[in-house]
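I opened the model to look up its fold, its core and its sheet. My notes follow in the order I checked things.

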Amino acid sequence: MPDKSTSSEVVASGASPSAEVAAEAVASAPARKIYPIVKYGDPILEKPTATVKTFDAELEQLAENMFASMYAAQGVGLAAPQIGLSLRLSVIDVTVGKNPEAKIVIANPEIIHAEGEVREEEGCLSIPGFRGYVMRPQFVTVRAQNVKGETFEIRGENLLARAFCHEIDHLNGVLFLQHLSMLKRDLIKRKIKKLKKQGEW
Ligand SMILES: [Zn+2]
């Protein structure tokens, strides 16, 4: 992360990696579909998702398209409901495309262990322009399936742990707003309502 931001999805402003990432994508990968990101207010974001049952080439392609969409939006995590699909699938890359080995696909993930607490500011691609402090575990261990359907376990610390929690919340229909104080949450909801009225949301 380039600065103090530890948002699980929204990369802080400043030097933008997007042009660089886009150029790399054009050079090395087949054409990817960039999905528009579903915004807060769409009921799909607040519904639990369906288990991934079919692990085929189509799912692999979907995951790659989700990475491309996430990079285009400069996020470090993206869950299927955020592209309008109620499916228990998320992609995460806390390096925002800088390290191909950091790409993580989690299908049907569960947190099997959590430890410690860190309070940090968090944002969400579906709630652009708003951030809030959320307490998350410092370490989490996730059990999930990869795009081939193979079960694996992965441990994350700090930003990665936060990303796992944030993305798995999405798959359960939970947004980071629900972890904020009622006062802060209502303030953000009121502002979004106003933006909607103005046709800016
Ligand atoms: Zn989010």
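I took helices (H or I, at least four residues) and strands (E, at least two) as DSSP runs, numbered from the N terminus. For a helix, the expected span is 1.5 Å times one less than its number of residues. The model is predicted, so I kept to its rules: local features need pLDDT of at least 70, side-chain atom pairs count only at pLDDT 80 or more, and totals for chains, interfaces and linings use all residues. Residues are numbered from 1 along each chain as its sequence is written.

**Entry 1: helix H2.** I checked the length of H2 (residues 57-72) first. Its 16 residues should span 22 Å at 1.5 Å a residue, and the end C-alpha atoms are 22 Å apart, so the two agree. Just after H2, I found Gln-74 with a positive phi of about 60°.

Next I looked up burial. I call a residue buried if 20 or more other C-beta atoms lie within 10 Å of its own, exposed if 12 or fewer, and partly exposed in between, with C-beta atoms placed from the backbone. In H2 the buried residues include Leu-62, Met-66, Phe-67 and Tyr-71.

**Entry 2: whole chain.** I counted four helices and seven strands. Their order along the sequence is α-α-β-β-β-β-β-β-β-α-α. Of the 201 residues, 36% are buried. I then listed contacts (C-beta atoms, placed from the backbone, within 7 Å). Among contacts with a separation of 6 or more, 66% join residues 24 or more positions apart.

**Entry 3: confidence.** I read pLDDT as the predictor's confidence in each residue, from 0 to 100. The chain averages 90, and 85% of the residues score at least 70. Residues 1-8 stay under 50, with 24 contacts beyond four places in sequence in the model. Residues 10-21 are also below 50, and this stretch has 22 contacts beyond near neighbours in sequence. Where pLDDT is low, the predicted coordinates should not be read in detail.

**Entry 4: core.** A nonpolar core here is a set of buried Ala, Val, Leu, Ile, Met, Phe, Trp, Tyr and Cys residues joined through C-beta atoms within 7 Å. Which residues have the most contacts inside the largest one? They are Met-66, Val-91 and Phe-164, in a core of 43 residues. Elements that each supply at least two residues include H2, S2 (89-92), S3 (104-115) and H3 (159-171). H3 gives the most, with eight residues. Leaving out residues up to four places away in sequence, Phe-164 touches Ile-111, Val-140, Val-142 and Gly-156.

**Entry 5: sheet.** I count two strands as paired if DSSP finds at least two bridges between them. Five strands form an open antiparallel sheet in the order S1-S2-S3-S6-S7. S1 and S7 (151-157) stand at the edges with a single partner strand each, so one side of each has no neighbour in the sheet. The twist averages 40° from one strand to the next, with axes as lines fitted to C-alpha atoms and angles running from 0 to 180 degrees between N-to-C directions.

**Entry 6: strand S6.** Six bridges pair S3 with S6 in the antiparallel sense. Ala-114 stands opposite Val-140, and Glu-110 stands opposite Arg-143. On the other pairing, seven bridges join S6 to S7. Gly-156 in S7 is the bridge partner of Val-140. The S6-S7 hairpin has five residues between its strands, and Gly-149 in the turn has a positive phi of about 95°.

How values were computed:
Contact = placed C-beta atoms within 7 Å.
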